[in-house]
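Here is a short briefing to read with the structure open beside you.

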Amino acid sequence: MSNDNLINDQLLRRYNEQGYFTVKGLFTAEEVEGVRNEIPKIVARYPDVPAELVQIEPTVASGERKPESFELGVRKLSRMARHNEFFRNLAFHPKMVMIAKAILGPDIVLHQGQLLMKPPHYGGEKVWHQDNAYFRLVPNLVFGFWVACDDATVENGCMHVIPGSHQRGIADHAGVGDEYGLVTPQSLEDAVPIPLKPGDALVFHGELYHYTPPNRTDNRRRAVQYHYASGECRQTTGQERFKIEPEVRIAGGEYAGTLTRQLPS
C-alpha cells in the first residue's frame, strides 16, 4: 500500500468534515494473527494480572452466562502497552504513526490501548458515547484506530458512527463504567455502520459519536483500539471519574509539562 493511500489531503478533509475514514489492510494478515495469538497468553495469566488489563463480560462475571472457555467470556483487554511487550511494540506500528503524525503533528502519545473482544452470543453493546468524554483532553487533538481482527459486521457488533458529530463539542454523558454514555442516545437510522474485514481500520475523531450493538452471532468480533493524542494536550481538572493517563510516548516530546512529560518512550 502506498503512503498516499494511507493518508492524503482527501482523507484529512474527510476526517475534519465527517470525523472518520477507513483504511483497508492497515494490518497484514500476519499482524492480525499475531494479535490473535497474544490474547490467550494474557488471558491465561488471569487473575494474576493487573486489574485494569482484563475485563470480564458482566453477564459472565455474574454467573448468568457460562462460556465454552474463559477467553470467550472476556469483554476487553485494557492499557496493554503498559503491561505487555507485544502490544507496546504494536503502538509504534509505522503505518499508525504515519497517520497519527499527519493528524496530530510531531508530538504523539498513546493515550489508551484496548482490545475489544465482543464474544459470540452475549457480547454486550457499547452505548453511544464520545471517547474524549472519558479522556477530557484540551485541545481535542485525540483520535482512535479501530482495527478489525475478525470480520466486523452489523450482526456481530461493528462500529456505528454519526458523521460530523465530532464538531458539536462534548455532549452530556452519564452512567457508570462501560454504561457511561450520551445522555441523549442517537437513532440508528442516523448512524453509519462500518463493517470491516480483518486488518482494515476505522480512523475516528475522539469526539465522534459512536456505538457498537451486541453480538448475537456464533462469530467472534475482536478489534484493536488505540487512541493517540497530541503531546500538546492537557487533561482538564475536575475529571477524576476515569483517571486515564497516557501509556507511552510515541514521537516527539517537546511539550514539557503536558502529556509527554515524564512518559517512557
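This is a predicted model: local features need pLDDT of at least 70, side-chain atom pairs count only at pLDDT 80 or more; totals for chains, interfaces and linings use all residues.

**Cores and rings**

Tyr15 and Phe143 are both buried.

*Aromatic pairs*

- The ring centres of Tyr15 and Phe143 are 6.4 Å apart and their planes stand at 80 degrees, so this pair counts as edge-to-face.
- Distant parts of the chain are linked by this pair, with Tyr15 in helix α2 (residues 9–18) and Phe143 in strand β7 (residues 142–148), 128 residues apart.
- Tyr15 and Phe143 also belong to a cluster that ring pairs build together with Phe21, Phe145, Tyr226 and Tyr228.
- The count of aromatic pairs comes to 10.

*A charge over a ring*

- Arg14 lies over the face of Tyr20, at 4.6 Å from the ring centre.

*Nonpolar cores*

- The largest nonpolar core has 49 residues, and those touching the most other members are Leu26, Ile99, Tyr226 and Tyr228.
- Helix α7 (residues 94–104) gives this core its largest share, six residues.
- Which residues does Ile99 touch, leaving aside those up to four places away in sequence? They are Leu6, Ile7, Phe21, Val23, Leu26, Phe145 and Val203.
- Two of these contacts of Ile99, Phe21 and Phe145, are also members of the ring cluster.
- Another core, of 14 residues, lies apart from the largest one, and its members include Cys158, Val161, Ile194 and Leu196.

How values were computed: Residues are numbered from 1 along each chain as its sequence is written. Side-chain values use heavy atoms; hydrogens and water are left out. A nonpolar core is a set of buried Ala, Val, Leu, Ile, Met, Phe, Trp, Tyr and Cys residues joined through side-chain atoms within 4.5 Å. Buried means under 20% relative accessible area, exposed over 50%, partly exposed in between (1.4 Å probe, protein chains only). Helices (H or I, at least four residues) and strands (E, at least two) are DSSP runs, numbered from the N terminus. Contact means heavy atoms within 4.5 Å. Rings of Phe, Tyr and Trp (its six-membered ring) pair if their centres lie within 6.5 Å; planes under 30 degrees apart count as stacked, over 60 as edge-to-face and the rest as tilted. A charge sits over a ring if NZ of Lys or CZ of Arg is within 6 Å of the ring centre and within 35 degrees of the ring normal.
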